[in-house]
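Trainee: I am new to this structure and would like to know what the terms rest on. Please go through them with me.

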Amino acid sequence: MKTVCRRAFTLVELLVVIAIIALLIAMLLPVLGRAKEQANRVVCLSQHKQLLLAIAFYANDNKGYIPHCNWLGQENAANCPGWLYDAKVNFGGAYKNEDDLKTGALFRYIRNPKIYRCPFDPPPYNRPSATVHPITSYGLNGSVNGYGRSSPKVPFFKLTQFKPSDIIMWELDEYWTGGANIYNDGSNFPPEGITSRHGGSKGARDTNTAAGRNNSISGAIVSTAGMSVEWITVKDYFKEAADTGVRTRLWNTPDVKNGH
C-alpha cells in the first residue's frame, strides 16, 4: 500500500506569514491615512472654491455686494437673507437644519448641502448653542458687515472693496471653548479661531491654549476676496487674527483704516 504525503504549513511557517502580513499592513496604514487626508483636503478646497464662486455670483446679481454674513445682532436690521440662512424663517428651532439652509442667499447657487460641510468635521453637531453647526463647518468673516455695526445702518460692502488677499471665510474650530459660541450664527471675529482638523492628529487641538495657537503643523483652509483658497497653519492664522489695532488679512473691514 502506497503512502500519500500531504504538504502543509508548519506552525512556524504560518506565524512567519502572519508576521509578514502584519508588517505590510503596518507599513501601508500610514500611507493610506495620509492619502485619505489629502483627498479630504482636496474636497474641502473644492468646497471653499464653490462657496467663493457662489459669493461672486451673488455679488454679480446684486450690484457687486457680498451677501449678509448672518451676524446675529444685526440680522433683523439687515432685512435680507444671510449667506447661510434667512433669520426671519426658523425651521430648526434651537438648531438650524437643511430647510433653514435652503433659505440662505447662497443656496440658489449651491443646492448641495454637503458643500457646506468639511469632510473632516464629523458629528455630533448638537453642543449647547451650536445653532448652525448642523448645517455648516464654515463661517464668514464678520468684517463683511462691519462686525455687527448698526449705526447709522448695517454696512454692506462690495467684493471689490476688499483686497484680493483679505480672508473672508474660514473653517470654524469645533473644539472652541471660549466665551461666545462660534456656531451661534454664520460669522465670527477673527480671534475666535480656526480649526486644526487638517492634520490635527499631529498637533494640539485646543486653540484656546498657547500651545494650540502656536501649532505650526495643523491648520485649515481659508478663502479670500480674490477668489483664492489656501491652507493655513493655526499659528499663521492667529498671527493675522491678533487684535493689535492694525489692519491685517483678517481684520479687513473696508471703510475703517484699521480694519476693525
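Mentor: Start with β2, where 5 of the 5 residues are buried, so β2 is largely enclosed by the rest of the structure. This is a predicted model: local features need pLDDT of at least 70, side-chain atom pairs count only at pLDDT 80 or more, and totals for chains, interfaces and linings use all residues. Residues are numbered from 1 along each chain as its sequence is written, and side-chain values use heavy atoms, leaving out hydrogens and water.

Trainee: What makes a stretch a strand or a helix here?

Mentor: Both are DSSP runs numbered from the N terminus: helices are H or I with at least four residues, strands are E with at least two. The chain has 5 helices and 5 strands, in the pattern α-α-α-β-β-β-α-β-β-α along the sequence.

Trainee: Why is N181 called buried?

Mentor: Buried means under 20% relative accessible area, exposed means over 50%, and partly exposed lies in between (1.4 Å probe, protein chains only). N181 has 19%, so N181 counts as buried. N181 lies in the loop between β2 (167–171) and β3 (187–188).

Trainee: What does N181 touch?

Mentor: Not counting residues up to four places away in sequence, N181 touches P128, S129 and A130; contact means heavy atoms within 4.5 Å. The side chain of N181 also reaches the backbone nitrogen of Y183 at 2.8 Å. A polar contact is a pair of N or O atoms within 3.5 Å; within protein, one must be able to donate a hydrogen and the other to accept it, and residues adjacent in sequence count only if both atoms are side-chain atoms.

Trainee: How do you know that β1 and β2 pair?

Mentor: Two strands pair if DSSP finds at least two bridges between them. There are 3 bridges joining β1 to β2, so these strands pair, and they run antiparallel. One of the bridge partners is W170 in β2, for G139. β2 and β4 are likewise joined over 3 bridges in the antiparallel sense, and I167 has T224 in β4 as its bridge partner. By contrast, β1 (residues 138–141) and β3 pair in the parallel sense over 2 bridges.

Trainee: Which strands stand at the edges, and why?

Mentor: The open sheet of 5 strands has the order β3-β1-β2-β4-β5, with mixed pairing. β3 and β5 (229–233) each have a single partner strand, so one side of each is left without a neighbour in the sheet.

Trainee: Are C44 and C80 buried or partly exposed?

Mentor: C44 has 0% relative accessibility and counts as buried, whereas C80, at 25%, counts as partly exposed.

Trainee: What makes a group of residues a nonpolar core?

Mentor: It is a set of buried Ala, Val, Leu, Ile, Met, Phe, Trp, Tyr and Cys residues joined through side-chain atoms within 4.5 Å. The largest such core has 52 residues, and those touching the most other members include W170 and Y237. The largest share of this core, 6 residues, comes from α1.
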